[in-house]
Amino acid sequence: MIVQAIATNVITGFLGVGKTSLITRLLANKPGGERWAVLVNEFGEVGIDAGLLDAGGAGIEIREVAGGCICCAAGVPTQVAINQLIARARPDRLLIEPTGLGHPLEIIKLLSAPHYHNVLSLRSTLCLIDARKVSDERYRGNDNFMQQLQAADLILASKTDLYCRDELLQLQAYLDELGLAGTEIMGHSQQAPLDQALLEALDRPGVLKVSPVAAPDLGRAGVAPGSGVPVSGVAGMAARGIFAERPQAAGPELDERGMARKLNAAEGYFSCGWLFEPAHEFDFDALLAWIESLKSAHLLRLKAVMITRDGIAGFNLVDDELSLAELDDALDSRLEIIASKRLDWQQLESGLLACRLGP
């Protein structure tokens, strides 16, 4: 049996540019008769983004791979997650959000591999960029930042409502420097309705800019090796055992306090994440004041989903700009910090614990 290949989009961009917010809006505009799946790969170990995505609509499934390695975003855990997500959701469209510190070309290589030819139909790769960052050498000279733009079929200039008059011109000049003058740019703002042209752009064929990777040895990944049966499409992969389920990895082990701290480090970036069982409730005002105090503390990113006395709150701090969101539900509280240097995680943990209610 041949099954229609799954339309697949990679949505990339640097930390805090608005990838998760865009995906939430795309999910809200999903055609009613379709099933969509989302795979989120994060650098941090506790995983935040899946909790910020709204999967409440029918026909939406979300999978998260936390602890993403910057240099191997297309490694075995990601491959296994893609296969299992396809098998479980059987989606009409797959959206993949690599970590903001990742190399999207590695993901695109994976998706273009021969064993996916009849399974996935690679469509436009979108790269979000905040044009205000182009003049900052920390960004314009960053290899990941540049590669994300080079991988794009469509560049979304995000947060356009915050730009000054010449910042789009600076973005165009920067793209010219990178040899990307021919890449289409589209403006995007959370304050404006989602552009119909953007929705239509999702279905353009992706332009393959890299050589596909060889088929992985999924047998070593805890997935049953294939039988080699020459069958096409999703059904063929299932017949060869590529979609065989394996036990889900356990989450971080909680200590006697009902919490866990997880660290990650790679290529000059450092992360620390905390996870709290739902019995821990936080004082919203104290938490807000503590996060505000971390501005200008070498943070690249702080993201959190926290259970507070006033409800479930989402926090997003990037480049000293803090945004808040009121969320409907959370299974636990999670907070992740990514920095360009190793910070005093114990001191930060003490400040965070001081925001809890009760003993």
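Is K295 buried or partly exposed? This is a predicted model, and in it K295 comes out as partly exposed, because its relative accessible area is 29%, which falls between the 20% and 50% cut-offs. Its salt-bridge partner is E292, with N and O 2.8 Å apart. E292 is partly exposed too, at 34% relative accessible area.

Now for D203, which pairs with two arginines. One of them is R93, where the closest N and O atoms sit 2.5 Å apart. That pair links distant parts of the chain: D203 belongs to the loop between α8 (196–201) and α9 (233–239), R93 to strand β4 (residues 93–97), and 110 residues separate them. The other arginine is R123, with an N to O distance of 2.8 Å.

| Salt bridge | N to O distance |
|---|---|
| D203 and R93 | 2.5 Å |
| D203 and R123 | 2.8 Å |
| E292 and K295 | 2.8 Å |

There's also a network to look for: salt bridges link D130, R132, K133, D319 and E321. How many salt bridges does the model have in total? The count comes to 18.

Terms used
Residues numbered from 1 in each chain as written. Predicted model: local features only at pLDDT ≥ 70, side-chain atom pairs only at ≥ 80, totals over all residues. Heavy atoms only, no water. Salt bridge = Lys/Arg side-chain N within 4 Å of Asp/Glu carboxyl O. Helix = DSSP H or I, 4+ residues; strand = E, 2+ residues; numbered from the N terminus. Buried < 20%, exposed > 50% of the residue type's maximum accessible area, 1.4 Å probe, protein only.
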